[in-house]
Amino acid sequence: LLILGKGGEGHAGGDLTDTMIFVSVSLKDKSISLISIPRDIWIPEIRAKVNSAYYWGKEQPERGGGLNFAKETVSTVLGQPTHYALVVDFSVFEKVVDAIGGIDVNVEKSFTDTKYPIAGREDDPCGGDKEFKCRYETLHFVQGKQFMDGETALKFVRSRNGDNNENTDLAREARQQKVISAIKTKVLFWRTFLNPKKDLALFRVLKSSIETDIDLSSGLVLVRRFILSQGKIAPFVFPEEFLTSPPKSQKYDYQYVFVPRYDNWEEIQKWINSLLQ
């Protein structure tokens with residue numbers, strides 16, 4: 001299962017899926033593995049980053065649609081079949097957290113981001129300010145367990161310019177995993193799971209806001225597997241040693257990208273196979 005998170009309407013590049021998580025559900029030992037995929041992986045076949053596969057699938061019907069092309073592209077990198085996909089925009093993520101009453105997140109280390117973009121101010125001239133400071137707000141997160149509502153959790157996972165080494169895609173993916181783990185813990189907590197009011201709020205948010213190719217019967221199986229997994233949900237982030245960021249050049253349209261360190265995805269695919277055995 002491929003989970004995609006996009007900015008949605010009102011955000012630059014609204015159909016770019018800056019969050020990409022490959023989910024493997026074991027039918028043998030009731031475990032679930034979550035593997036975060038760096039958005040900046042370069043895909044030579046489309047001369048673009050992997051986070052644009054959904055966009056190009058929508059723009060070019062011959063590719064089979066956004067969900068289908070995103071699945072095909074990710075499968076090429078991971079060497080794993082991708083049976084289903086779902087895409088949500090970040091506003092839904094915020095609503096999900098609020099629907100379950102907020103979450104407790106363990107912030108691994110303190111960091112400050114002075115350039116978190118304010119939605120709707122992307123083109124604000126800021127009265128002639130050459131640094132365009134009015135387009136940004138400052139975020140600060142303190143190490144330790146923090147209670148977060150939907151807005152705060154969204155900012156925590158989307159921050160890209162934090163200090164203390166929190167300005168990389170891999171650091172952002174680790175934060176996403178922490179929030180997903182916190183959501184999982186809250187949903188499975190019996191007071192939440194058996195609360196009809198919260199269950200209904202969560203169902204309404206998900207039903208109206210998710211694009212997916214999961215049919216009803218398969219969806220019910222996945223929900224049951226999620227419930228049965230309990231604590232056996234393991235998050236993983238791509239190991240840095242398998243990726244490299246080449247100098248910006250015409251070959252990569254002068255973009256910051258990741259490419260496989262060994263010129264192919266064989267090492268990554270071996271690593272993933274070892275996780276899913």
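# The open sheet and what packs around it

Trainee: In what order do the six strands of the open sheet lie?
Mentor: The six strands form an open sheet with mixed pairing, where strands (E, at least two residues) and helices (H or I, at least four) are DSSP runs numbered from the N terminus, and two strands pair if DSSP finds at least two bridges between them. The model is predicted, so local features need pLDDT of at least 70 and side-chain atom pairs count only at pLDDT 80 or more, while totals for chains, interfaces and linings use all residues. Residues are numbered from 1 along each chain as its sequence is written, and side-chain values use heavy atoms, leaving out hydrogens and water. With that in mind, the order is 11-6-1-2-3-12.

Trainee: Which are the edge strands?
Mentor: In general, the strands of a sheet pair through backbone hydrogen bonds, either parallel or antiparallel. An edge strand here pairs on one side only, and this holds for strand 11 (211–212) and strand 12 (233–237).

Trainee: In strand 12, which residue is the bridge partner of Ser-36?
Mentor: Strand 3, which covers residues 32–36, pairs with strand 12 in the parallel sense over five bridges. In strand 12, the residue that partners Ser-36 is Val-237.

Trainee: How many residues of strand 3 are buried?
Mentor: A residue is called buried under 20% relative accessible area, exposed over 50% and partly exposed in between, with a 1.4 Å probe and protein chains only. In a regular strand the side chains alternate between the two faces of the sheet. In strand 3, Ile-32, Leu-34 and Ser-36 point one way while Ser-33 and Ile-35 point the other way, and all are buried. Strand 3 is therefore largely enclosed by the rest of the structure, the number of its buried residues being five of the five.

Trainee: What angle does the direction of helix 2 make with that of strand 1?
Mentor: Contact means heavy atoms within 4.5 Å, and axes are lines fitted to C-alpha atoms, for helices over the stretch in contact, with angles from 0 to 180 degrees between N-to-C directions. Helix 2 packs on the sheet, touching strand 1 (2–6), strand 2 (19–25), strand 6 and strand 11. Its direction and that of strand 1 make an angle of about 120°.

Trainee: With which residue does the side chain of Thr-82 make a polar contact?
Mentor: Thr-82 sits in the loop between helix 2 (66–78) and strand 6 (85–89), and is buried because its relative accessible area is 12%. A polar contact is a pair of N or O atoms within 3.5 Å; within protein, one must be able to donate a hydrogen and the other to accept it, and residues adjacent in sequence count only if both atoms are side-chain atoms. At 2.7 Å, the side-chain partner of Thr-82 is Ser-75.

Trainee: How far apart are the C-alpha atoms of Gly-5 and Val-92?
Mentor: Gly-5 is found in strand 1, and it counts as buried because its relative accessible area is 5%. Gly-5 and Val-92 are 87 residues apart along the chain.

Trainee: What is the N to O distance in the salt bridge of Glu-151 and Lys-155?
Mentor: A salt bridge is a side-chain nitrogen of Lys or Arg within 4 Å of a carboxyl oxygen of Asp or Glu, and the structure holds 18 of them. Glu-151 and Lys-155 are four residues apart in helix 4 (residues 150–158), so about one helical turn separates them. Glu-151 is partly exposed at 42% relative accessibility, whereas Lys-155 is buried at 16%. The N to O distance between their side chains is 3.3 Å.
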